[in-house]
Amino acid sequence: MHYFISVGEASGDIHAAELIKELRRVDATARFTYLGGDLMAEASGTAPLIHYRDMAFMGFCEVIRHIDKVLHNLRTAKRSLVESRPDALILVDYPSFNLKLAQEAVKIGVPVYYYISPKVWAWKEGRVKKIKRYVKRMLSILPFEVAYYRDRHGYEIDYVGNPTVKEVDERLKATTTEAAFRAKHGIMSDRPLLALVPGSRKGEIRNNLPVMAEVARRHPELHPVVAGAPAIDASIYRKYCEYTVVDNDTFELMAHARGALVTSGTATLEAALIGVPQVVCYRANGSRISYNIFKRILKIPYVSLPNLIAGKAVVAEQLVHLCTPDRVDGELSKVLPGGADYEAQQQGYELIRAKLTTADAATNAAAIIYGELTAKD
């Protein structure tokens, strides 16, 4: 079978690489055309049609600034799809691009599978109409999405498990000792570590790191360490704080930390599965007006994955103008070991694991896709 996979960012590259491995396991003839990254290249043995580094434009303004590149990528992907006529198109999140590709696939009779749903339950709910029109099967990694699609939109989807559970557990087994981690990054202090995870984009770092750094200064008993993101120069972090920056080692940093301040995103779920006490920070531009707009646009009671999965407030979410050093520090003090909310948060983490289950998402997704494709033969 020939599989065409479209991924637009680093997290998708991780999940799609595991899916490729499973497709190759169940399908000895599997070959791949894909938009993605280095992990998918390693798993498939082929180079990407387009690397996600040339696709990862987030937000309206950034997309407009790079509109020529975005349109070029879309034309390239559509042309390849039409010329190669794969047995299936597999999409991974990245909806603004991927739903356009799905429409093209349907035109030429290629079945579309979506692995990892766009966050339509949070914003741009209108995309569900396109999903129902173009996507043969939605393979979800978040259990609450099943009821959302079914009850709100009359569309049945499959929960296949959450790949982050397996990824975290495997990485925890392979994690080095804390002493080795400290030696690797030249951390001479013996104080417990405080992980500052300000996000992967410059705007996120600019908005969140100053607040995180101020909170860290209030905890002299902890040694703050900043999680450096790929392609972000260390000089960016030095604009906002004087702390050690560890590049591309966020997971191990959180695994060895006493506590963490984490910008909302996948890292919040990783922190929960690791078990590190955390506070979610999302400063944005910090205005009350932005917060009110934010609240009107979002259709959900929480923004962080741990809370959405648990169905209750497991981690404190300090958002926009509420994301101040005083508020964040107050919440962090509660969840650090010995704090008033430490045990409650740890119990919430256990609930999250139970709800996600131990199902292997990539294995289940590959079985569904390959099973459907071969059933028609």
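Helices, which are H or I runs of at least four residues, and strands, which are E runs of at least two, follow DSSP and are numbered from the N terminus. The views below show a predicted model.

**Figure 1. Asp-87 in the loop between helix H4 and strand S4.** Helix H4 covers residues 67–84 and strand S4 residues 88–92, and Asp-87 is found in the loop that lies between these two elements. With a relative accessible area of 29%, Asp-87 is partly exposed. When residues up to four places away in sequence are not counted, Asp-87 touches Met-1, His-2, Val-110, Pro-111 and Leu-373. Ala-316 is 229 residues from Asp-87 in sequence, and the two C-alpha atoms are 45 Å apart in space.

Figure 2. Strand S1 comprises residues 2–7, and because 6 of its 6 residues are buried, S1 is largely enclosed by the rest of the structure. His-2, Phe-4 and Ser-6 point one way from the strand, whereas Tyr-3, Ile-5 and Val-7 point the other way; all of them are buried. His-2 is also among the residues that Asp-87 touches. S1 pairs with strand S2 (residues 31–36) in the parallel sense, over 5 bridges. Within S2, Tyr-34 is the bridge partner of Ile-5.

**Figure 3. The open sheet and its edge at strand S7.** An open sheet is formed by 7 strands, in the order S3-S2-S1-S4-S5-S6-S7, with parallel pairing. Its edge strands are S3 (50–51) and S7, each of which pairs on one side only. S7 and S6 pair in the parallel sense over 2 bridges. Leu-139 has Asp-158 as its bridge partner in S7. Strands of a sheet pair through backbone hydrogen bonds, in either a parallel or an antiparallel sense.

**Figure 4. Helix H7 and the elements that cover it.** Helix H7 spans residues 144–153, and its buried residues include Glu-145, Val-146, Tyr-148, Tyr-149 and His-153. The cover over the buried residues of H7 includes helix H6 (127–134), strand S6 (137–140) and strand S7 (158–159). Gly-154 follows H7 and has a positive phi, near 60°.

Figure 5. His-219 has its place in the loop between helix H10 (202–217) and strand S9 (223–228). A relative accessible area under 20% counts as buried, and at 6% His-219 is therefore buried. With its neighbours within four places in sequence left aside, His-219 is in contact with Asp-329, Leu-332, Ser-333 and Leu-336. Glu-22 is 197 residues from His-219 in sequence and 45 Å from it in space, C-alpha to C-alpha.

**Figure 6. The protein chain from which the close-ups are taken.** The secondary structure of the chain comes to 18 helices and 13 strands. Its radius of gyration is 21 Å, close to the 21 Å that the globule rule gives for 377 residues, so the chain is as compact as a globular protein of that length. The C-alpha trace spans about 65 × 45 × 40 Å along its principal axes. Of the 377 residues, 53% are buried. Among contacts between residues at least 6 apart in sequence, 64% join residues at least 24 apart. The chain exposes about 16,900 Å², of which carbon and sulfur atoms supply 51%. There are 49 positive and 43 negative side chains, and the centres of the two sets lie 7 Å apart.

Methods: Residues are numbered from 1 along each chain as its sequence is written. This is a predicted model: local features need pLDDT of at least 70, side-chain atom pairs count only at pLDDT 80 or more; totals for chains, interfaces and linings use all residues. Side-chain values use heavy atoms; hydrogens and water are left out. Buried means under 20% relative accessible area, exposed over 50%, partly exposed in between (1.4 Å probe, protein chains only). Contact means heavy atoms within 4.5 Å. The radius of gyration is taken over C-alpha atoms; the globule rule is 2.2 Å times the number of residues to the power 0.38. Accessible areas come from the Shrake-Rupley method with a 1.4 Å probe; for residues, only the protein chains shown count as cover. Lys and Arg count as positive and Asp and Glu as negative; His and the chain ends are not counted. The place of a charge is taken as NZ of Lys, CZ of Arg, CG of Asp or CD of Glu. Two strands pair if DSSP finds at least two bridges between them.
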